[in-house]
Amino acid sequence: MIASTPITIERTTTPKAKPPQDKLGFGIHFTDHMFIMNYSSEQGWHQARIVPYQPITLDPAAKVFHYGQTVFEGLKAYRTEDGRVQLFRPDMNMKRLIRSNDRMSIPPIPVELGIEAVKALTNIDQEWIPDGEGNSLYIRPFVIATEPLLGVHPSHEYQFIIIMSPVGAYYPEGINPVKIFVESRYVRAMIGGVGEAKTAGNYAAGLKAQEAANEKGYTQVLWLDGAEHKYIEEVGSMNVFFKIDGTVYTPSLNGSILDGITRNSTIQLLKHWNIPVEERVLSIEEIYEAGRNGKLEEAFGTGTAAVISPVGELNWLGEKLIINGGATGEVSEKLYTNLTGIQYGKQEDPFNWMVEVK
Ligand SMILES: *Cc1c(COP(=O)(O)O)cnc(C)c1O
């Protein structure tokens with residue numbers, strides 16, 4: 001069923017060769033088709049269409065280039081062992097897209113229409129969903145402001161586009177703890193800013209710190225709050241959890257933290273298993289304190305790309321903290337096994353998270 005505007009389909013006449021399934025990487029290869037829909041103040045969202053994957057042409061004055069009025073989403077389609085194709089909680093992505101749009105003064109895209117577009121595109125390119133342990137199809141919906149006017153005002157014209165990329169397992173040899181640099185100079189977001197929106201500028205603003213951390217041998221940056229550099233926000237493009245003395249903690253959503261769908265699912269699973277979990281303000285000092293006292297049992301990041309990413313080491317102002325001897329913790333492992341088990345249809349889906357594409 002199609003929500004409000006019919007999706008027209010133009011199939012490619014020149015399908016591309018598919019990449020080797022054991023060397024997919026992340027966001028390198030793209031499928032044969034893409035979805036596009038236009039917005040104008042007069043017509044609203046209109047002309048929903050699936051077309052062959054192709055470059056887009058924009059006026060150089062398009063507002064997105066100058067003022068960054070743009071938002072994006074990220075979700076995955078999985079192929080199950082018995083050949084079904086399923087999406088993980090696509091409604092959550094489309095609801096978050098509406099919130100990001102709202103923060104960036106972009107008109108909302110109806111949730112049902114967004115889900116329908118993702119399903120239709122996944123369906124047409126389903127041969128692109130790779131087989132093989134940990135492989136999946138990454139789906140990237142995004143919105144750009146296209147009106148060619150340099151005045152600083154919300155655009156009157158937009159395009160909503162969806163592209164898809166077959167991706168490999170984030171950790172080909174299974175999950176592996178990463179080293180994280182606690183950033184004390186640069187900040188990612190502030191209360192009142194756009195940290196809770198999935199918008200381009202947040203990522204551009206983080207590149208400098210990420211580059212510096214990479215040079216020092218760290219995979220990602222742990223962001224502290226913008227005002228005092230004391231409180232934990234998130235890790236790169238993942239939310240972050242700490243297990244201290246039997247309880248799992250994660251920073252509460254304060255407006256500058258991205259409301260991750262893997263974060264939300266992790267909290268639900270922990271509650272389902274009766275593992276104590278708490279959302280609250282967490283200072284870096286108390287994490288180090290717990291670490292020094294031997295009470296910090298595990299740390300892990302959550303996000304669509306890696307699902308669960310254990311943290312083996314932190315470096316804060318030169319002080320290194322090794323977590324769980326640098327090994328993957330029990331709860332991290334259990335979350336990874338269960339979340340991926342649900343996503344690949346290997347085990348029961350107690351919350352009806354998976355949505356089949358037919
Ligand atoms: C996308 C993202 C996350 C994780 O969100 P998921 O919905 O779990 O993929 C966390 N932090 C940031 C900054 C993000 O962009």
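Rings of Phe, Tyr and Trp (the six-membered ring of Trp) are taken as a pair if their centres lie within 6.5 Å, with planes under 30 degrees apart counted as stacked, over 60 as edge-to-face and the rest as tilted. By this rule the count comes to 13 aromatic pairs. The model is predicted, so that local features need pLDDT of at least 70 and side-chain atom pairs count only at pLDDT 80 or more, while totals for chains, interfaces and linings use all residues. Residues are numbered from 1 along each chain as its sequence is written, and side-chain values use heavy atoms, with hydrogens and water left out.

Select Phe-35 and Phe-160, an edge-to-face pair at 5.8 Å centre to centre with 70 degrees between the planes. This pair links distant parts of the chain, 125 residues apart, with Phe-35 in strand E2 (residues 33-40) and Phe-160 in strand E8 (residues 157-167); strands are DSSP runs of at least two residues (E) and helices of at least four (H or I), numbered from the N terminus. Both Phe-35 and Phe-160 are buried, that is, under 20% relative accessible area with a 1.4 Å probe and protein chains only.

Go next to Tyr-78 and Tyr-344, whose ring centres are 4.9 Å apart and whose planes stand at 75 degrees, so the pair is edge-to-face. Tyr-78 belongs to strand E5 (residues 75-79), and Tyr-344, 266 residues apart from it, to the loop between helix H7 (330-343) and strand E18 (354-357).

Finally, select Lys-334, which lies over the face of Trp-273 at 4.5 Å from the ring centre; the criterion is NZ of Lys or CZ of Arg within 6 Å of the ring centre and within 35 degrees of the ring normal.

Key:
Buried < 20%, exposed > 50% of the residue type's maximum accessible area, 1.4 Å probe, protein only.
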